[in-house]
Amino acid sequence: MLQRYVALVAVAGVLLQHRAPDGVRVAGEYAPGRDGFNADVNAMYHLDTASMISPYVGLGLGLSSSTPRATTTKSATDTYVSGVIGTDINITDSIAAYVEGNARYYMSGNGTAAPTNKGGVGFAAKTGVKFFF
């Protein structure tokens with residue numbers, strides 16, 4: 001029987017990003033509460049609205065390294081599939097505010113970054129400022 005668990009996290013931050021209508025985004029984040037680091041690669045697609053609001057979607061894969069559930073090692077690694085949906089609110093050509101939601105399906109649950117010891121689904125919301133170059 002598959003156990004389901006959902007985690008929700010809210011984050012504020014600053015992103016540096018190359019301005020392109022679509023492409024690949026590589027991201028990393030540190031989660032101090034779990035002494036963990038997440039890194040993922042997403043294929044992104046920006047919808048062209050010809051306005052100051054620019055929605056986008058993405059899909060990718062990631063790895064997390066965090067405190068292990070078992071005390072036999074110093075860190076544990078888990079893999080996940082990620083989905084991203086968000087919008088940029090363009091302030092200038094090089095600055096935008098953003099609001100983003102993402103979902104991660106953890107295929108394993110070795111570390112505390114995954115919602116349970118069997119993996120599961122985690123959701124997060126982010127908001128912040130992007131600087132384009």
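Tutor: Accessible areas come from the Shrake-Rupley method with a 1.4 Å probe, and for residues only the protein chains shown count as cover. By that method the chain has an accessible surface of about 8,000 Å², of which 66% belongs to carbon and sulfur atoms.

Student: What should I know about the model and its numbering?
Tutor: This is a predicted model, in which local features need pLDDT of at least 70 and side-chain atom pairs count only at pLDDT 80 or more, while totals for chains, interfaces and linings use all residues. Residues are numbered from 1 along each chain as its sequence is written, and side-chain values use heavy atoms, with hydrogens and water left out.

Student: How many helices and strands are in the chain?
Tutor: The chain has zero helices and seven strands. Both are DSSP runs numbered from the N terminus: helices are H or I with at least four residues, and strands are E with at least two.

Student: Which strands does E6 pair with?
Tutor: E6 pairs with E5 in the antiparallel sense over 11 bridges, and with E7, also antiparallel, over 12 bridges. Two strands pair if DSSP finds at least two bridges between them. E5 and E6 form a hairpin with four residues between them. Ser-82 stands opposite Arg-104 in E6, and Val-99 stands opposite Thr-127 in E7.

Student: Which residues lie on the covered face of E6?
Tutor: The covered face holds Ala-96, Tyr-98, Glu-100, Asn-102, Arg-104 and Tyr-106. The uncovered face includes Val-99 and Tyr-105. In a regular strand the side chains alternate between the two faces of the sheet.

Student: What does Glu-100 form a salt bridge with?
Tutor: Its partner is Arg-25, with the closest N and O atoms 3.0 Å apart. Arg-25 lies in strand E2 (residues 22-31) and Glu-100 in strand E6 (residues 95-106), so the pair ties together parts that are 75 residues apart in sequence. A salt bridge is a side-chain nitrogen of Lys or Arg within 4 Å of a carboxyl oxygen of Asp or Glu.

Student: Is Glu-100 buried or exposed?
Tutor: Glu-100 is buried at 4% relative accessibility, and Arg-25 is buried at 14%. Buried means under 20% relative accessible area, exposed over 50%, and partly exposed in between (1.4 Å probe, protein chains only). Of the 133 residues of the chain, 35% count as buried.

Student: How many salt bridges does the structure hold?
Tutor: The structure holds five. One of them joins Arg-104 to Asp-40, with the closest N and O atoms 3.6 Å apart. That pair links strand E6 to strand E3 (residues 36-46), 64 residues apart. Arg-104 is buried at 9%, and Asp-40 is buried at 10%. Salt bridges that share partners join Glu-29, Asp-40, Arg-104 and Lys-126 into one network.

Student: And what about Glu-29 and Lys-126?
Tutor: They form a salt bridge, with the closest N and O atoms 3.0 Å apart. Glu-29 lies in strand E2 and Lys-126 in strand E7 (residues 120-132), so the pair ties together parts that are 97 residues apart in sequence. Glu-29 is partly exposed at 24%, whereas Lys-126 is buried at 16%.

Student: Turning to the loops, where is Arg-69 found?
Tutor: Arg-69 is in the loop between strand E4 (53-66) and strand E5 (76-90), and is partly exposed at 35%. Not counting residues up to four places away in sequence, Arg-69 touches several residues, among them Gly-109, Asn-110 and Pro-115; a contact means heavy atoms within 4.5 Å. Arg-69 and Asn-110 are 41 residues apart in sequence and 6.0 Å apart in space, C-alpha to C-alpha.
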